[in-house]
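This report sets out selected local features of one protein chain.

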Amino acid sequence: MSTRYTPILSLLTEDLLIQVNEKLVQDSDRKKWRLICKEFHRVDSLTRKTLRVLHVEFLLALLKNYTNLHTLDLSVCPRIEDGTISLLLHHVDHSIWARNLKCLNLSRANGLKFAGLEMLVGACKGLESVDVSYCCGFGDREAAAISGCEGLRELRMDKCLGVGDVGLAKIVVGCGRLERLSLKWCMEISDLGVELLCKKCLELKFLDVSYLKVTSESLRSIASLPKLEDLAMVGCPYVNDVGLQFLEIGCPSLQKIDVARCDCVSSSGLSSLIGGHSGLLHIDAGHCFSEVSPTIVKCIQKLKNLNTIIIDGIRVSETIFQTISSTCNSLIEIGLSKCEGVTNMGIIKLVSGCVNLKIINLTCCRSIANAAISAIANSCRNLLCLKLESCNMITGKSLEQLGLHCLLLEVLDLTDCCGINDRGLERLYRCSRILCLKLGLCTNISDKGLFYIASSCPELQDLDLYRCQNIGDDGLAALSSGCKKLRKLNLSYCVEVTDKGTKSLGYLEELSDLELRGLDKITSVGLTALVTRCKRLIYLDLKHCEKIDDSGFQALAYYSRNLRQLNLSYCAITDMTLCMLMGNMTRLQDVDLVHLTNVTVEGFELVLRACCVRIKKIKLVAALSFLLSSEVQGILHARGCKIRWD
């Protein structure tokens with residue numbers, strides 16, 4: 001008698017499969033789901049809302065497959081041009097993939113001009129968010145194409161150097177519903193453009209005019225925005241206290257202000273602004289003026305709901321810490337990087353009242369010692385991020401207190417803290433949630449310290465061991481077995497690392513960013529063992545790895561086709577292998593090729609012609625500027641590639 005079995009998948013309805021699919025948060029889990037069977041792949045196609053495309057040649061097929069997208073990210077495609085958009089709209093039924101599209105990221109799409117943008121805007125009627133940041137060819141005409149997005153709510157145009165007041169005028173007239181706008185580094189925009197913006201876009205809630213050459217007249221216009229909550233104007237050299245006085249009586253909804261590095265703003269101007277906005281939640285005045293005045297201290301007493309204050313590079317006294325402690329009990333973040341006058345007693349006073357602090361930046365506060373860190377650990381039990389770079393007086397005793405009390409800690413920066421040793425790292429054993437650990441220039445750390453990290457920090461994703469010269473192969477073996485989620489690793493100038501150590505790194509399958517600069521003991525054998533397993537590398541620094549020869553770089557060319565940034569300066573690569581490598585790496589966008597003594601001028605010419613379509617940044621030795629043909633240099637510039645001469 002035979003028994004009939006019902007396949008389990010036939011018992012799962014489409015609705016049930018969709019619910020399961022929506023529970024998958026990690027990209028790696030969703031990828032595994034898609035590969036199980038055709039039905040799971042179909043469900044993923046139906047439910048996928050976000051798509052980030054790496055290869056432009058796959059874009060056509062992907063848009064046919066994923067028809068319910070809300071977000072399309074093309075920022076990492078090597079080359080998006082008008083012809084690409086034309087091809088998509090003629091070969092794919094754009095009424096399907098474009099109908100639900102809300103967010104479009106075209107950052108760094110230097111080849112996209114007016115015609116392509118106009119076609120996109122015409123097809124994607126429902127666009128609400130567009131990012132064209134760092135598009136060097138984006139000017140007033142391209143801005144006119146964007147103005148066709150009548151329902152646009154968010155627009156980022158950071159460093160679109162060709163956009164002026166005319167282009168901005170076209171956008172604000174056509175996109176009157178804008179709520180978020182970033183114009184950072186759009187140097188051609190003046191007070192006139194900002195004035196029109198503020199007359200037409202009254203729904204603005206976020207505005208970034210950082211590094212613009214606008215004056216306080218722009219702040220007079222901005223002050224009229226009734227719904228503005230967040231204003232960033234970092235590094236505006238012509239904005240002064242008069243402008244902040246305009247803001248004092250305007251912007252009734254203002255909650256967040258960033259005036260960092262505004263050289264003409266004084267403590268008096270900031271006091272005026274604070275005086276008119278007792279509901280401020282976030283203040284960044286880093287590197288603005290020399291010291292915190294008594295007037296500012298008095299104004300801060302009114303900010304009962306303040307949750308972030310950043311005063312980097314400003315002289316402070318214990319009075320400000322006492323005021324913040326007694327007044328700002330809701331404070332979550334404080335930035336004191338490079339502040340003079342930060343003492344143990346000041347920090348002790350601060351944390352006695354601000355027990356909800358989650359982010360503390362004490363970078364280069366050189367008077368800070370164990371007493372301050374112990375006070376932080378005892379008071380701020382929900383601490384997530386602590387930056388202590390160049391705080392040379394702290395020792396392993398501080399880490400013991402952090403290990404005992406700050407169990408939620410995710411980011412710890414101990415760069416150049418020479419008092420930190422292996423024993424101190426052992427005391428962090430209870431901080432199992434650490435995601436980012438910076439130990440660069442901590443010369444007293446050895447493989448033993450890495451054993452402690454590997455056993456205590458299974459969630460670690462970012463580790464900096466720059467110039468930790470006592471680190472060797474055994475420590476890397478421990479890391480590769482204990483920190484499987486590691487994505488970023490800096491081993492530059494860890495000179496004891498050999499091929500054996502790089503082979504161990506091959507077991508870190510999530511590794512995406514790796515710096516091996518100055519490792520003169522690794523050879524092609526070690527590099528080959530690494531790249532054959534680490535298929536997710538997108539950034540690799542091999543500068544001064546002079547013992548790697550062509551065989552290692554050929555392996556790199558074959559296995560590491562996902563690389564987007566590569567440094568080969570001072571390496572022993574030859575013409576033929578460099579041509580092969582640059583030809584194979586179809587996603588490569590940023591490359592350093594300085595002092596390649598085995599590569600001829602003819603080799604460079606051939607390489608640059610082959611990769612000019614996709615390369616966005618390239619660094620070459622300055623002498624080549626006189627040796628390379630003007631034709632090749634002209635092609636690179638025309639394609640939007642930035643050449644950095646060393």
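How many of the ten residues of helix H20 (residues 447-456) are buried? The answer is taken from a predicted model.

## Burial of helix H20

Seven of the ten residues of H20 are buried, so this helix is largely enclosed by the rest of the structure. The buried positions are Asp447, Gly449, Leu450, Tyr452, Ile453, Ala454 and Ser456. The cover over these residues includes helix H19 (422-426), strand S16 (436-438) and helix H21 (473-482).

## Packing of H23 against H24

Helix H23 (residues 524-531) and helix H24 (residues 550-559) have axes that come within 8 Å and cross at roughly 10°. The two helices are therefore roughly parallel to each other, because angles under 35 degrees are placed in that class.

On the H23 side, the contact is made by Ser524, Leu527, Thr528 and Val531. Their partners in H24 are Ser551, Gly552, Phe553, Ala555, Leu556 and Tyr559. Sorted by class, the residues of this contact are six nonpolar and four polar, with no charged residues. As a general point, an α-helix has 3.6 residues a turn, so residues three or four places apart point the same way.

## Packing of H26 against H28

Helix H26 (residues 601-611) packs with helix H28 (residues 630-638) at an angle of about 30°, and their axes are 10 Å apart. That angle makes H26 roughly parallel to H28. The crossing of this pair is left-handed.

Glu605, Leu608 and Arg609 are the residues of H26 that meet H28. From H28, the residues in the contact are Glu631, Val632, Ile635 and Leu636. The contact of H26 with H28 comprises four nonpolar and three charged residues, and no polar ones.

## Cysteines

Zero disulfides are found in a search of the whole structure. Cys160 is in no disulfide, and the nearest cysteine sulfur to it, that of Cys186, is 5.3 Å away; a disulfide would require the two sulfur atoms to be within 2.5 Å. Cys160 is buried, with a relative accessible area of 0%.

Cys251 is likewise in no disulfide; the nearest cysteine sulfur belongs to Cys198, at 8.2 Å. Cys251 also counts as buried, at 0% relative accessibility.

## Residues with positive phi

Which loop holds Arg261? Arg261 lies between strand S9 (256-258) and helix H13 (267-275). The phi of Arg261 is positive, at about 60°, although this residue is not a glycine. Arg261 counts as partly exposed, at 45% relative accessibility.

Tyr493 is a residue other than glycine that has a positive phi, near 65°. Tyr493 is placed in the loop between strand S18 (488-490) and helix H22 (499-505). With a relative accessible area of 18%, Tyr493 is buried, because the cut-off for that class is under 20%.

Asp230 lies in strand S8 (residues 230-232).

Leaving aside residues up to four places away in sequence, Asp230 touches Lys205, Phe206, Leu207, Leu254 and Lys256.

Technical notes
Residues are numbered from 1 along each chain as its sequence is written. This is a predicted model: local features need pLDDT of at least 70, side-chain atom pairs count only at pLDDT 80 or more; totals for chains, interfaces and linings use all residues. Side-chain values use heavy atoms; hydrogens and water are left out. Axes are lines fitted to C-alpha atoms, for helices over the stretch in contact, and angles run from 0 to 180 degrees between N-to-C directions. Helices (H or I, at least four residues) and strands (E, at least two) are DSSP runs, numbered from the N terminus. Angles under 35 degrees count as roughly parallel, over 145 as roughly antiparallel, 65 to 115 as roughly perpendicular and the rest as oblique. A crossing is left-handed if the near helix is turned anticlockwise from the far one by less than a right angle, and right-handed if clockwise. Contact means heavy atoms within 4.5 Å. Ala, Val, Leu, Ile, Met, Phe, Trp, Tyr, Cys and Pro count as nonpolar, Asp, Glu, Lys and Arg as charged, and the others, Gly among them, as polar. Buried means under 20% relative accessible area, exposed over 50%, partly exposed in between (1.4 Å probe, protein chains only).
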